[in-house]
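Hi,

Here is the structure I said I would pass on. Have a look at it first, and then read on for what turned up.

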Amino acid sequence: MRTTVRAFAVAAAALLLCLVPGVSQAAPSDSPGACRDIDFPVAQGSLATTLCLPDRPTDTVLVLMAGSNYNHTYWDFPYAPETYNFRRAMNAAGYATLVADRLGNGGSTRPPSLTLTATATATALHEMVQALRAGYFGAQPFAKVVTGGHSLTSGTTVIEATTYHDVDAVLLTGYSHTLSVPDVLGVISTYHQAVEDPLFRGRGFDSGYLVTRPGTREADFHGPGNVDPQVLAMDEATKETFSLTEYPDGLTSTLPGMSSDITVPVLVVNGGMDRLSCGSAFSICADSAALQAAEAPHFTLAARLRTYVLPGSGHSLNLARNTRDYQAAVIDWLGTI
């Protein structure tokens, strides 16, 4: 199943890129000999994961899972990987990565949509953390495990960290305690059933699986003028399904209280033009200091909270033109753990 899903995504992306005027086909994202695909068993099936090792020994691994509208390609972006591929940037900096698709997403098992929850994903994340510490994936056991989320999976990451207390640091992107409810509802209004979408029609999705309508992602997830047309085309071609049943418990992580139970270092990153996490006024994301002031009351001193705002970026930080500045900020933070 994994090979079929990935082949479909690559083929769809290549076709769409060829149809966009002035857009060339994406270069493949690769690290020869460094990565391998592993199906990780969980209660509802298996998660499609890819473990990538740097070219030198490391005791630290980042577990990365994308938000509700993305799959593994968000972290392992195939177009212009020297700029947009977060996974490769972390490997080049000397850190291992494990990129995983959520259940119902990418190459992972697709259970009935109504059975999907953020809490179940957090349980699966915990099991992966424990496996990495034990050397399950065929690599040496990792002494330090850092979990990283985007949007919905930032919520999952908070749930995992506060439930199991088994990670060494937490990266939260596209996340804040000041979600703009009107903007979130506005984005939700752009969703439709996957069975109605040309990319997913006829692929066996039940009616509860949703996806963004064609042509809506630029306004919803990208800062004005801060996305390459080729990136936007690839973003549309590799968009992913999810279920609204993942939202209720996932959003509890943005309420006061839960994050204060995190007892390891935390980095919160948002785009300066992220209307979901920052609101239409963007005031809490005016700069890194403003985000620090807004988020600090929700964490204890044990979290050693750091924040970073990527100017001009929307919700999808990995795909902003200036995303390498954000990659550098994450690498700098990792060096302090």
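Which residue lies over the face of Tyr70, and at what distance from the ring centre? That would be Arg217, at 4.6 Å. Before going further, please keep in mind that this is a predicted model.

Eight strands make up an open sheet, with mixed pairing and the order 1-2-4-3-5-6-10-11. Its edges are strand 1 (35–42) and strand 11 (306–310), each of which pairs on one side only. From one strand to the next, the twist averages 20°.

Is strand 3 enclosed or open to the outside? Six of its six residues are buried, so strand 3 is largely enclosed by the rest of the structure. In a regular strand, side chains alternate between the two faces of the sheet. Here, Thr60, Leu62 and Leu64 point one way, while Val61, Val63 and Met65 point the other way, and all are buried.

Now for the helices against the sheet. Helix 4 (residues 118–134) lies across strand 1, strand 2 (45–52), strand 3, strand 4 (96–100) and strand 5, and it runs at about 125° to strand 1. Helix 5 (residues 152–164) lies across strand 3, strand 5 and strand 6 (169–173), at about 145° to strand 5.

Helix 5 deserves a paragraph of its own. It has 13 residues and reaches 19 Å from its first C-alpha to its last, which is close to the 18 Å expected at 1.5 Å a residue. Of those 13 residues, 11 are buried, so helix 5 is largely enclosed by the rest of the structure. The buried ones include Leu152, Val158, Ile159 and Glu160. What covers them includes strand 3, helix 4, strand 5, strand 6 and helix 9 (247–251).

Next, the backbone. Most residues other than glycine have a negative phi.

- Ala80 is not a glycine, yet it has a positive phi of about 45°. It is found in the loop between strand 3 and helix 2 (81–84). With a relative accessible area of 12%, Ala80 is buried, because the cut-off for that is under 20%.
- His165 is not a glycine either, and its phi is positive at about 50°. You will find it in the loop between helix 5 and strand 6, just after helix 5. His165 is partly exposed, with a relative accessible area of 45%.

Then there are the rings. How many aromatic pairs does a search of the whole structure find? It finds 12. A pair of aromatic rings is described by the distance of the centres and the angle of the planes. For Phe205 and Tyr209 those values are 5.5 Å centre to centre and 75° between the planes, which makes the pair edge-to-face. Both Phe205 and Tyr209 are buried.

Tyr70 belongs to one aromatic cluster together with Tyr74, Trp75, Phe86, Phe221 and Tyr326, and Arg217 is the residue over the face of Tyr70.

One last item, out at strand 1. Asp37 lies in that strand and is partly exposed, with a relative accessible area of 47%. The C-alpha atoms of Asp37 and Pro224 are separated by 35 Å, and the two residues are 187 apart along the chain.

That's the lot from me.

Cheers

Key
Residues numbered from 1 in each chain as written. Predicted model: local features only at pLDDT ≥ 70, side-chain atom pairs only at ≥ 80, totals over all residues. Heavy atoms only, no water. Pairing = 2+ DSSP bridges. Helix = DSSP H or I, 4+ residues; strand = E, 2+ residues; numbered from the N terminus. Axes fitted to C-alpha atoms, helices over the stretch in contact; angles between N-to-C directions. Contact = heavy atoms within 4.5 Å. Expected span 1.5 Å × (residues − 1). Buried < 20%, exposed > 50% of the residue type's maximum accessible area, 1.4 Å probe, protein only. Phe/Tyr/Trp six-rings, centres within 6.5 Å; stacked < 30°, edge-to-face > 60°. Lys NZ or Arg CZ within 6 Å of the ring centre and 35° of its normal.
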